[in-house]
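Welcome, and thanks for taking a look at this one with us. Please have the model open as you read.

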Amino acid sequence: MLDIINITAPIFIIIALGYLSVRTRIIDQSHAKGMGILVMYIALPALIFNAIAAMPFQEVISPSYLLIYAIGSVLAFVIGIILTKGVWRQDNVSAALNSTALAYANSAFIGFAVLSAVIGPTKAATYLSMVVLIESFIMLPMLFIMADMSTDSSQSLGQLLLGIAKNLTRNPLIIAIVVSVSFSIFSLPVPQIVAQTAHMLTGVAAPVALFVIGMSLYGLELKGDLPKITTIGLGKLIVHPLMMLLAIMLIPSASVESKYVAMLFASAPTFSTIAIIGQHYGLVDRVSAIVIISTIGSFVSMSAVLMYWGMAVGF
């Protein structure tokens with residue numbers, strides 16, 4: 001148990017420090033945007049490149065892991081639709097946001113940081129790159145298609161898909177994956193100066209990302225229909241891992257490590273930028289509350305997965 005606390009406690013202490021730094025006005029909250037850009041546009045892409053570029057291609061992509069994570073996430077999304085549309089009788093936008101909150105983990109910031117503490121940042125980056133592919137090419141399109149393809153929408157499905165495709169071409173993590181995989185496929189040598197620069201940046205990604213999460217939590221409030229919000233916020237930490245477990249049972253051929261990694265990513269909280277998406281649809285208060293609840297609760301869910309992982313096969 002102490003080993004698990006030693007992994008998860010520092011993660012959430014850094015998040016708490018980010019929150020307290022803004023609350024006590026040591027750092028202005030407006031700085032969170034710049035720090036977040038540093039992580040998403042520089043540190044994480046460098047980390048992915050450093051992990052993948054020099055790796056043999058057959059070690060970069062695990063089809064069974066991709067399939068497990070895709071199936072588990074899509075199943076969680078479908079449960080969100082059934083709950084929101086079938087039980088709560090809410091509209092398509094609410095269903096899209098609730099379903100995504102259940103099925104889209106904060107993999108790049110919190111998930112990666114915890115996984116790095118277990119298997120190291122290089123291996124963690126390869127798993128993160130595969131999760132990013134699932135989230136970018138499956139989960140986000142599902143969100144926007146469901147939210148925007150309503151009866152009063154002025155966009156056709158073709159226009160919507162074109163817009164999603166354009167956004168993907170500007171995603172720094174997708175660009176980093178494409179460049180890194182190209183180096184891996186063609187066995188291109190990575191210049192030493194590039195490799196060393198990328199290596200130096202890898203240490204920035206996890207701590208700054210966690211600090212930014214804490215900073216962004218300040219000012220968010222628990223507003224709206226709290227029973228439904230709590231159901232989604234805590235449901236993310238239960239439904240997503242359970243659906244991932246079901247996917248693992250359907251695809252038993254995956255490696256033991258990849259199975260636990262999928263479970264760990266799924267036990268991470270809802271991705272924080274969903275609050276920005278919620279603002280676009282006029283539901284920022286509701287979605288922000290979901291982020292708060294899932295982030296706080298993820299200390300328990302991620303610790304539980306790590307505990308089972310450690311007891312079952314060890315780290």
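Below is a short tour of aromatic pairs and of backbone angles.

## Aromatic pairs

This is a predicted model, and a search of the whole structure turns up nine aromatic pairs. A pair of this kind is described by the distance of the ring centres and the angle of the planes.

Take Phe49 and Phe183: their ring centres are 5.2 Å apart and their planes stand at 85°, so the pair is edge-to-face. Phe49 sits in helix H2 (residues 31-52) and Phe183 in helix H9 (residues 172-185), so the pair links distant parts of the chain, 134 residues apart. Phe49 counts as buried because its relative accessibility is 12%, under the 20% cut-off.

Since Tyr69 belongs to helix H4 (residues 63-87) and Phe265 to helix H12 (residues 256-266), the pair ties together parts that are 196 residues apart in sequence.

Tyr69 is buried at 1% relative accessible area, and Phe265 is likewise buried at 1% relative accessibility. Both belong to one aromatic cluster, formed by Tyr65, Tyr69, Tyr127 and Phe265.

## Positive phi in two loops

Most residues other than glycine have a negative phi. Arg25, however, has a positive phi near 65°. Arg25 lies in the loop between helix H1 (2-23) and H2 and counts as exposed, at 77% relative accessibility.

Ser187, not a glycine either, has a positive phi of about 50°. Ser187 is found in the loop between H9 and helix H10 (192-217), and at 62% relative accessibility Ser187 counts as exposed.

Technical notes
Residues numbered from 1 in each chain as written. Predicted model: local features only at pLDDT ≥ 70, side-chain atom pairs only at ≥ 80, totals over all residues. Heavy atoms only, no water. Phe/Tyr/Trp six-rings, centres within 6.5 Å; stacked < 30°, edge-to-face > 60°. Helix = DSSP H or I, 4+ residues; strand = E, 2+ residues; numbered from the N terminus. Buried < 20%, exposed > 50% of the residue type's maximum accessible area, 1.4 Å probe, protein only.
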